[in-house]
Structures are given as C-alpha cells and as structure tokens.
Amino acid sequence: MKVGIVGYGAYIPKWRIKAENIAKVWGQDAQTITNGIGVHEKSVPSLDEDTATIAVEAARNAMKRANGVKPSEISAVYVGSESHPYAVKPTAVTVAEALGLTPYVTAADTEFACKAATAGIQACLGLVKGGYMKYGMSIGADTAQSAPGDALEYTAAAGGAAYIIGGDGVLAEIEGTCSYTQDVPDFWRREGSLYPKHAGRFTGEPAYFEQIVKCSKSLMEKLGTKPSDYTYVVFHMPNGKFPLKAASILGFDTKQVTPSLIVQKIGNTYSGSSLLGLAAVLDRAKPGERVLMTSYGSGAGSDSFSITVTDQIEERRRLAPPVQYYIERKGYLSYSIYAKNRKLFRE
Amino acid sequence: MSATAPPAHWRRMRERYRLLGSRCETCGATFFPTTKVCPKCRRKGKIAQVEFSGRGKVYSYTVIHSAPKMFEQFTPAVVALVQLEEGPMVLSQIVDTDHKELKVGMEVEACFRKLFEQEQSGIISYGFKFRPVNDHWGKYYDNKDI
C-alpha cells in the first residue's frame, strides 16, 4: 500500500520585525548579524495568535487540499510544538474540535524541540500502514520564545504547517523514514522558565550536523538512493547557513536546497521549520520528482523522509494558499510593538 | 461568573470555533447564534445545525480607542458587524488590517484567534474573528519561480 501526504497546509502570521530593528535596541551591528546568520527578518504573531491558532489555520489549509477527506475519517491529531499555550491541556484537542474531528479521534501534543511534528508524521504512517485508521494528521506550529537580547531573538519566529497522512488520494508518497537520536545538551528550557538556554559550542557539530547528516545518510543507504536522485532536499532551518552546510557535507547542490530555504524571510519557525520548507517545495514540485526531508530537534534527534511527488499534486496544491503568499503577506513592527506582542513587558 | 469562565466558554465553544449556526429547513432562513425555533415558521419550522463558510462583508464598523479591560491591548481595535454570505449578521473584531484601510462593504473571511484569556492562569477562549479576504494567491502557482 502506498502511504503518504494526502493534504498539506501552511500558515505564517502577517507581522515581521527586521534584524536591524532588533540590532538597534541592543547596540549590535545589523550587517554583521545578518551576514552571520543569513536571516534578514522574522515573523511575529499577533497578540491573539498562539500555537493553537497557527495550528488550526495550517490544518484548515491541509483539509482544503485533502479533497474529499471527511473530518470523521481523520482518526489521529498530533500537534508538535515547544510553545504549547497550556502546560497542561492539549493543543491537539482545540485543533480537533475546530476542525470538527471530535469525538472519535486520538489526540496528543508532542514535544521534541523543533522536530516534534515529524515524530507525529511517523506515528501517523505507522497507524495508517498498520490498518488502524484511514487518515491521521500531524501539525508543527510554534511561537518561538527568545530572551530579549539573546542571539536567538534574531531568528525565533512563528508559523506552522499541517500534514494529513493516508493511503488514499496520495499527492506525495513517503517511501521510507528513519531517525537518529542522542542525548545532547545543546538547547533546553526548564519547567517554569520563560526562555530557552543554549550551549553555543554544542549547537553545530555534535548537535545539528551530527544528527542531520547521519540520519539522512542512513535513510539513503536503506533505500539505496543518492543525493542526485532527489530534486529537492529540505532540512530544519535554525538559520540561513546550517542547511547549506549540511547539504554540502552530504553532497547535495545549493540548487537542491534553496527552494525550501525560507528562513531568510521568516526566521526559524521551530516545529514548523522543516515542514514549511517541505510545503514550499510541494508548492512547486512536478510529478515524479523526489524530495529528501530531514528535521532536527535539539536535545537531539532527526527524522528523515524520502518522498516522491505523484501526479495529483498539480491540481490539489491550488486548493490552498502557497507558502510564498504567506511570506509576502506582511507588515512591519517596531521593536516596541514586537515586545508588546511577544509579552516581553511583564507586570 | 464572568463571560470567560469555563461553563460559559464550554457552552459557546463549538459555535465560536467553527462558526456554527442554525438553518430552518422549512423556509431556508439562517441564524447566528444558534436558535431552537424559527421565528417565522414557528412550530412548522425544522431547525438544523449549519457550518457557515466564513465569508462575508463588513456591514458597519467602529474603531475602539478606549476598550474594556480584556481588550485594552488591542486598541485601536476594529469591531464590525459582518454580514455572512449565508445571511446572518455577526459581531466580531477585524484583524490583520489597519483601521484606516477598513471600508463598509469590504470582503472579509473568518480566521481562528484567541478571543480572551481568563487572567494568566485561567482558560483561554478561542474562536472566529475576521480578516480582509485575499483571493489573489492563485497567481503564485502560475509563476514558475515561486
């Protein structure tokens, strides 16, 4: 049985802040920063947007593309995020209720830094392939937190993407998936802390590159594929530089990465990052083209997926707005309004 | 008990999440919020639940500069009467736009937002608000370089 993506949907809040406006506040040189991280501006949620609202918007777009799938046929909803609105009370129940999937549905929030939703996709693949359900949905959404003045403030953004997994009406087949996981102290947030912490020297080599490269290699070895078999490669995008370096280590061309490299314009949407990159690729891919996607979550782990686009893509992607529309739908905020939206002022 | 307490939240949750209203199967009239009786057909009426499309037009609006406590952070906030394409009139905040750009007759669509929070540790109420419609995104698929 062919199993894969039956519907996908993206959502990015309208507001942006430019790196130069953040740099001005902290007395840093904007040019040096943007050259260093390859991010020029990032998305910012409105005061009334959070992970639940972003997840619902993305999921509604996924439903539009999953033409003909009835809400009652979706029997699993997973929401992956590191900014769930409640510490206790699932985001997934609000999403399930807003989409009319309740009550005969399993729902849960997943958490694994930026790769929580690709873990949800793997769970859906298993449930669908095992014959337990017809369709499952996994959504990655975040309103990423960063301490004022921290380096993360230039990239921590908001956005999300939703994927409906099934065996009927597949617009992109998932031929294989595998994971690579280790305990790495690169990035964490303790219970009750408002902002995450990171250990600089662990971020690159032992964390991001180790998991992304080994996981991608392992999947290609299992499937007997090589970088030139893929038209596109999508990686988690903590900044504009890391995905390009990972691609070059693995033997991919820059041209295979750039269509998914949306981080320069919207920042790192955490759990939404690799999934929004994949959505940007699905917005333009031709039938028969292959995509390798590898997510990354701090702590640390990666999930890799090998995907082949089917001939259903062209008709179905037109049923909802593309990622590029959301990237260009924007309005700029000053640092002070940004600080208000992100609740940096506290009583 | 405040309007955002769990019982009040729970009672109105589904209609706020999904813009659910009522339709009289006898005369075709639509209602929001939901109703149990069609005022025209009375006992001959047959009421069914309907999920509205979320598309509508701004019938009238006002800009609020001095808002009640839960909405202070949104000022200047736009609150509008939106006439849904199915007929009912809905009162809602209009988001993702500057109040200076708003016009009577403007096309809007429902989006999913936070409505209010019961202080920092209380329940969060979600539901529909409206934003201006943009139907031009189809053009991105005709441009090969998206």
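Predicted model: local features only at pLDDT ≥ 70, side-chain atom pairs only at ≥ 80, totals over all residues.
Colleague: Which element gives the largest share?

Modeller: Helix 3 of chain A, with five residues.

Colleague: How does the lining of the second largest pocket split by class?

Modeller: You'll find 19 nonpolar residues there, along with 14 charged and six polar ones.

Colleague: Back to helix 3 of chain A. At what angle does it pack with helix 4 of chain A?

Modeller: About 40 degrees, and the axes of helix 3 and helix 4 (residues 91-98) of chain A are 9 Å apart. That angle makes helix 3 of chain A oblique to helix 4 of chain A.

Colleague: Is the crossing of those two helices left-handed or right-handed?

Modeller: The crossing of helix 3 and helix 4 of chain A is right-handed.

Colleague: Which residues meet there?

Modeller: On the helix 3 side of chain A, they are A:T51, A:A52, A:A55, A:V56, A:A59 and A:R60. Across from them in helix 4 of chain A sit A:T91, A:V95 and A:A98. By class, that contact has six nonpolar residues, two polar and one charged.

Colleague: New topic: how many cavities of 30 Å³ or more does the structure hold?

Modeller: One. The largest cavity has a volume of about 40 Å³.

Colleague: Which residues line the largest cavity?

Modeller: They come from chain A: A:K42, A:S43, A:V44, A:P45, A:T143, A:A144, A:A156, A:A157, A:A158, A:Y338 and A:R342. Strand 3 (residues 41-44) of chain A gives the largest share of that lining, three residues.

Colleague: And by class, what does the lining of the largest cavity have?

Modeller: Seven nonpolar residues, two polar and two charged.

Colleague: Now the backbone. Is the peptide bond from A:T102 to A:P103 cis or trans?

Modeller: That bond is cis, with omega near 0 degrees. As for its place, A:P103 is in the loop between helix 4 and strand 5 (106-110) of chain A. In chain B, the peptide bond from B:F32 to B:P33 is cis too, with omega near -5 degrees.

Colleague: Where does B:P33 lie?

Modeller: In chain B, in the loop between strand 2 (30-31) and strand 3 (47-51).

Colleague: Last one: what is phi of A:A113 near?

Modeller: Phi of A:A113 is near 40 degrees, which is a positive value in a residue other than glycine. You can find A:A113 in the loop between strand 5 and helix 5 (116-129) of chain A.

Terms used: Residues numbered from 1 in each chain as written. Chains lettered and ligands numbered in written order. Heavy atoms only, no water. Helix = DSSP H or I, 4+ residues; strand = E, 2+ residues; numbered from the N terminus. Nonpolar A, V, L, I, M, F, W, Y, C, P; charged D, E, K, R; others polar. Axes fitted to C-alpha atoms, helices over the stretch in contact; angles between N-to-C directions. Parallel < 35°, antiparallel > 145°, perpendicular 65-115°, else oblique. Left-handed = near helix turned anticlockwise from the far one by under 90°. Contact = heavy atoms within 4.5 Å. 1 Å grid on protein atoms, 1.4 Å probe; cavity = no way out; pocket = protein on both sides within 12 Å on 5 of 7 lines; lining within 4 Å. Points joined across faces, edges and corners; volume = space filled by probe spheres on them.
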